[in-house]
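Student: I would like to learn how to read a protein model feature by feature. Could we take each general idea and then turn to the case shown here?

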Amino acid sequence: LIQKELKELMMEAPVLTEEEMQLVYNWVDEIPLSRPKKNITRDFSDGVLMAEIIHHYVPRLVDLHNYSAAHSVQQKKYNWMTLNKKVYKKMGFQISSTDIEDIVNCVPETVERVIKLIQSKIIGFKGGKLGRIEKPKPYEQPGVSAGKPVEKKTGPQQWELQNQVDTEILIEKEQTIQELRETIEIMELKIKKLEQLVRLKDSKIQTLTNKLAQAGIQQN
């Protein structure tokens, strides 16, 4: 059931015409971002600027501190997986693993296709408007809206809502587990690299020791 839900959320970014690509570039140029846009394929490969775009229009959905600039493919994937889990899922979709793989490996025109998809989802999420930036809503006590009690759902509606919530919780837990597994894989790779460095240093030390020993014998 969980895998089925995840599959239904996955979306392949559409193929774009040259005119649609130019419209994507024009739209991105209108958004204030933390980095100058030099090469869109490379600039967006780590997911940071994509997070900033969504935060620009729907700030309550994105915690920018969750996304740090990255150069390694693994860290770039981590950022995109975090967007999938924490942001896109709340908007009713997720980026396919194929598109993520192509983005982090800087496959041409993939970023543009995904940006176009994100643009359409933002428009849908905001009720067809992109002009007004949404501001975070103040905290409201559950069951109270503008000073008036909210009618509670009962019967079949309540059960349906509960089932939906339970399913979302299970999906989120599975994604968290997958995210942790990927983090463990990254840490294991780092450990292996450190072990290789230690062995290399030990080898160099042994080589220098042998040379010093030989020099000492020759001097005697």
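This is a predicted model: local features need pLDDT of at least 70, side-chain atom pairs count only at pLDDT 80 or more; totals for chains, interfaces and linings use all residues.

Student: Which residue meets the side chain of Arg-35 in a salt bridge?

Tutor: The general idea is that side chains of opposite charge can pair when their charged atoms come close. In this model the side chain of Arg-35 meets that of Asp-46 in a salt bridge, at 2.7 Å from N to O. The two partners come from distant parts of the chain, since Arg-35 lies in the loop between α2 and α3, while Asp-46 lies in the loop between α3 and α4, eleven residues apart.

Student: How many salt bridges does the count come to?

Tutor: The count comes to three salt bridges. One of them joins the side chains of Glu-101 and Lys-77, at 3.0 Å from N to O; this pair links helix α6, which holds Glu-101, to helix α5, which holds Lys-77, across 24 residues. Glu-101 counts as partly exposed because its relative accessibility is 34%, and Lys-77 is partly exposed as well, with a relative accessible area of 22%.

Student: How should I read the cover of a whole helix, and how many residues of α4 are buried?

Tutor: An α-helix has 3.6 residues a turn, so residues three or four places apart point the same way. Helix α4, which spans residues 48-57, is mostly covered, with nine of its ten residues buried. Among them are Val-48, Leu-49, Met-50, Ile-53 and Tyr-57. The buried residues of α4 pack against α2, α3, α5 and α7.

Student: Which residues make the nonpolar surface patch?

Tutor: Leu-194, Leu-197 and Leu-200 make a nonpolar surface patch of about 290 Å². Leu-200 belongs to helix α8, residues 156-219, and it counts as partly exposed because its relative accessibility is 45%.

Student: How far apart are Glu-109 and Thr-41, in sequence and in space?

Tutor: Sequence separation and spatial separation should be read side by side. Glu-109 and Thr-41 are 68 residues apart in sequence, yet 7.3 Å apart in space from C-alpha to C-alpha. Glu-109 is found in the loop between α6 and α7, and at 46% relative accessibility it counts as partly exposed.

Student: What share of contacts between residues at least 6 apart in sequence joins residues at least 24 apart?

Tutor: Of those contacts in the protein chain, 65% join residues at least 24 apart. The chain has eight helices and four strands, and 32% of its 220 residues count as buried. Its accessible surface comes to about 15,100 Å², of which 55% belongs to carbon and sulfur atoms.

Definitions and conventions: Residues are numbered from 1 along each chain as its sequence is written. Side-chain values use heavy atoms; hydrogens and water are left out. Buried means under 20% relative accessible area, exposed over 50%, partly exposed in between (1.4 Å probe, protein chains only). Helices (H or I, at least four residues) and strands (E, at least two) are DSSP runs, numbered from the N terminus. Contact means heavy atoms within 4.5 Å. Patches are made of residues with over 30% relative accessible area and no salt bridge: like charges are joined within 9 Å, nonpolar side chains (Val, Leu, Ile, Met, Phe, Trp, Tyr) within 5 Å. Accessible areas come from the Shrake-Rupley method with a 1.4 Å probe; for residues, only the protein chains shown count as cover. A salt bridge is a side-chain nitrogen of Lys or Arg within 4 Å of a carboxyl oxygen of Asp or Glu.
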